[in-house]
Amino acid sequence: MTIKQWNIPSQWQEPFVAKLTERGATGAVVNAALEAIDDKCKAEGEKPLALFGEPVPYAESVILPNTKAAAQSRVRAIALAVIGLIGMFLALWGWAEMRQDTDEVLGMAPAIPFAVGLLLVLGAAIADAVLGNKADVITSAPGTGQKGMALLLNKLAPWIIVLLTGIGMLLLYIRNN
């Protein structure tokens, strides 16, 4: 077995590895994280302290796969997706009623469900972007990157809901004109 030599100063690497290990990270997860840090340092020409800050707080911020933090991240992501979908249906319902010149829907102007729906759709997408990896459906080892389905579910899904809302509004507009 060969041990890879990282170009990461030991005074930064050792506390980082110790904290990840303390949190239950496997050797593969630690190696993937170190490789990602090493690659970024080489690409940027910087030291890890400049790029990632202090090692212990950075190690604490890493969401490890198959942990309670990963489960909480998944719950947040699913909740935001459900909020976005509810918003999409409200926005399209209000838009359809506004396009048909309906005065009242369930005792309120159709602009109300339309506006509330748009706020929910956009708010869920923005909240997902702000939360970053704290609202991911699929968590992976640090540094392994997100590919395929993980990228779609973690980063693009909320914005796809926004896009579908816009497409739905356009189709309703075309149908009613």
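**Exercise 1.** Where is Leu106 found?

Solution. The model is predicted, so local features need pLDDT of at least 70 and side-chain atom pairs count only at pLDDT 80 or more, while totals for chains, interfaces and linings use all residues. Residues are numbered from 1 along each chain as its sequence is written, and side-chain values use heavy atoms, with hydrogens and water left out. Leu106 is found in the loop between α5 and α6, where helices are DSSP runs (H or I, at least four residues) numbered from the N terminus. Leu106 has a positive phi of about 50° although it is not a glycine, and at 73% relative accessibility Leu106 counts as exposed (exposed is over 50% relative accessible area, buried under 20% and partly exposed in between, with a 1.4 Å probe and protein chains only). Asp101 also lies in the loop between α5 and α6; its phi is positive, about 55°, although Asp101 is not a glycine, and Asp101 is exposed with a relative accessible area of 65%.

**Exercise 2.** Determine how helix α5 and helix α6 pack.

Solution. Begin with the geometry: α5 (residues 68–99) and α6 (residues 111–131) pack at an angle of about 155°, with their axes 6 Å apart. That makes α5 roughly antiparallel to α6, a term for angles over 145 degrees. Next, consider composition: the residues of the contact of α5 with α6 divide into 19 nonpolar, four polar and two charged.

**Exercise 3.** Which aromatic pairs link separate helices, and how exposed are their members?

Solution. A search of the whole structure finds six aromatic pairs, a pair being rings of Phe, Tyr and Trp (its six-membered ring) with centres within 6.5 Å. One of them joins Trp12 and Tyr58, tilted at 6.3 Å centre to centre with 40° between the planes (planes under 30 degrees apart count as stacked, over 60 as edge-to-face and the rest as tilted). Trp12 lies in helix α1 (residues 10–22) and Tyr58 in helix α4 (residues 55–61), so the pair ties together parts that are 46 residues apart in sequence. Trp12 is buried at 4% relative accessible area, whereas Tyr58 is partly exposed at 23%. Another tilted pair is formed by Trp95 and Phe114, 5.5 Å centre to centre with 35° between the planes. Trp95 lies in α5 and Phe114 in α6, so this pair ties together parts 19 residues apart in sequence. Trp95 is buried, with a relative accessible area of 15%, and Phe114 counts as buried at 14%.

Technical notes:
Axes are lines fitted to C-alpha atoms, for helices over the stretch in contact, and angles run from 0 to 180 degrees between N-to-C directions. Helices (H or I, at least four residues) and strands (E, at least two) are DSSP runs, numbered from the N terminus. Angles under 35 degrees count as roughly parallel, over 145 as roughly antiparallel, 65 to 115 as roughly perpendicular and the rest as oblique. Ala, Val, Leu, Ile, Met, Phe, Trp, Tyr, Cys and Pro count as nonpolar, Asp, Glu, Lys and Arg as charged, and the others, Gly among them, as polar.
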